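User: I've got a protein model open and I'd like to learn how to read it. Can we go through it together?

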Amino acid sequence: MVQIRDEVAGDVVAREHLLDACFGEARRLKTSERLREGRLPAEGLALIAEQEGLVVGTCRLWHVEADHRRPALLLGPLAVDPAIQGLGLGSILTRAALRRADILGHGAVLLMGDAPYYARFGFSAGLAEGLFMPGPFERERFLGLELRPGTLSGARGILRAAGAWDQATPTPIVPEALVETGAASRRRVA
């Protein structure tokens, strides 16, 4: 039997192994990863599917905003152990996450994903048409869902990360030469 529960710190290693098994190392290069990098998932919206003590699924939602602080959530990644894919666990995780987001009062969810798969939950490309990811992305895979009608109506702009910083994530050390180059560049622009 599969149990859907909140993610805990002890799940991190198993979750990361699952994500690597499902998406490979290239997952870290995706534009949506830039919106999650160094941040904590939205409170109460990091779910784990557990079966016989093993992590077999994960779904997390993250705070993002666009259009002068218009808040939304970014869903992803959603992953299910390849050995049990096709049995509906991805749908169960997605529905559980969306239900929680709704209960917690969030108005909209965005994601990068397979449009035919996510249409069953109410996602559509039309709801995200005025929004952009902060890097390369496939327009037809950028989808939105309104949990509160009108939340995405007229939304425009590039998504930016929002939400709490993960204090456990180390701050990258930037070589001094890059800092100086960046400062010089900013001075030229100003």
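User: Which residues of the largest nonpolar core touch the most other members?

Analyst: To read a core, look for nonpolar residues that are buried and joined through their side chains. Keep in mind that this model is predicted. Here the largest nonpolar core has 26 residues, and Leu75, Leu93, Val109, Tyr118 and Phe123 touch the most other members. Several elements each supply at least two residues of this core, including β3 (54-66), β4 (70-80) and β5 (108-112). The largest share, 6 residues, comes from α3.

User: What does phenylalanine 123 touch, if I skip residues up to four places away in sequence?

Analyst: A contact means heavy atoms within 4.5 Å. Phenylalanine 123 touches Leu98, Val109, Leu111, Tyr118, Leu143, Gly144 and Leu145 on that count.

User: Let's zoom out. How many helices and strands are there in the protein?

Analyst: Count the elements, then read their order along the sequence. The protein has 5 helices and 9 strands, and their order is β-α-α-β-β-β-α-β-α-β-β-β-β-α.

User: Is arginine 27 buried or exposed?

Analyst: For a call like that, check the relative accessible area: under 20% counts as buried, and over 50% as exposed. Arginine 27 comes out at 8%, so it's buried. You'll find arginine 27 in the loop between α1 (12-23) and α2 (31-36).

User: Which side chain does the side chain of arginine 27 join in a polar contact?

Analyst: The side chain of glutamate 16, through a polar contact of 2.5 Å. Beyond its neighbours within four places in sequence, arginine 27 is in contact with Glu16, Leu19, Asp20 and Glu33.

User: What does the side chain of arginine 100 reach at 3.0 Å?

Analyst: It reaches the backbone oxygen of glycine 44. Arginine 100 and glycine 44 are 56 residues apart along the chain, yet their C-alpha atoms are separated by 7.6 Å. The side chain of arginine 100 also makes a polar contact with the side chain of aspartate 6, at 2.2 Å. Leaving aside neighbours within four places in sequence, the contacts of arginine 100 are Asp6, Gly44, Leu45 and Leu47.

User: Now strands. Why is β2 largely enclosed by the rest of the structure?

Analyst: Count how many of its residues are buried. In β2, 5 of the 6 residues are buried, so the strand is largely enclosed by the rest of the structure.

User: Which strand does β2 pair with over 5 bridges?

Analyst: For paired strands, note the direction and the bridges. Strand β1 (residues 2-6) pairs with β2 in the antiparallel sense over 5 bridges, and valine 2 has glutamine 51 in β2 as its bridge partner. β2 and β3 also run antiparallel, joined by 6 bridges. There, isoleucine 48 has threonine 58 in β3 as its bridge partner.

User: How many residues lie between the strands in the hairpin of β2 and β3?

Analyst: There are 2 residues between them, and in this hairpin glutamate 52 takes a positive phi near 50°.

Note on methods: Residues numbered from 1 in each chain as written. Predicted model: local features only at pLDDT ≥ 70, side-chain atom pairs only at ≥ 80, totals over all residues. Heavy atoms only, no water. Helix = DSSP H or I, 4+ residues; strand = E, 2+ residues; numbered from the N terminus. Core = buried A, V, L, I, M, F, W, Y, C linked by side-chain atoms within 4.5 Å. Buried < 20%, exposed > 50% of the residue type's maximum accessible area, 1.4 Å probe, protein only. Polar contact = N/O pair within 3.5 Å; in protein donor to acceptor, adjacent residues only side chain to side chain. Pairing = 2+ DSSP bridges.
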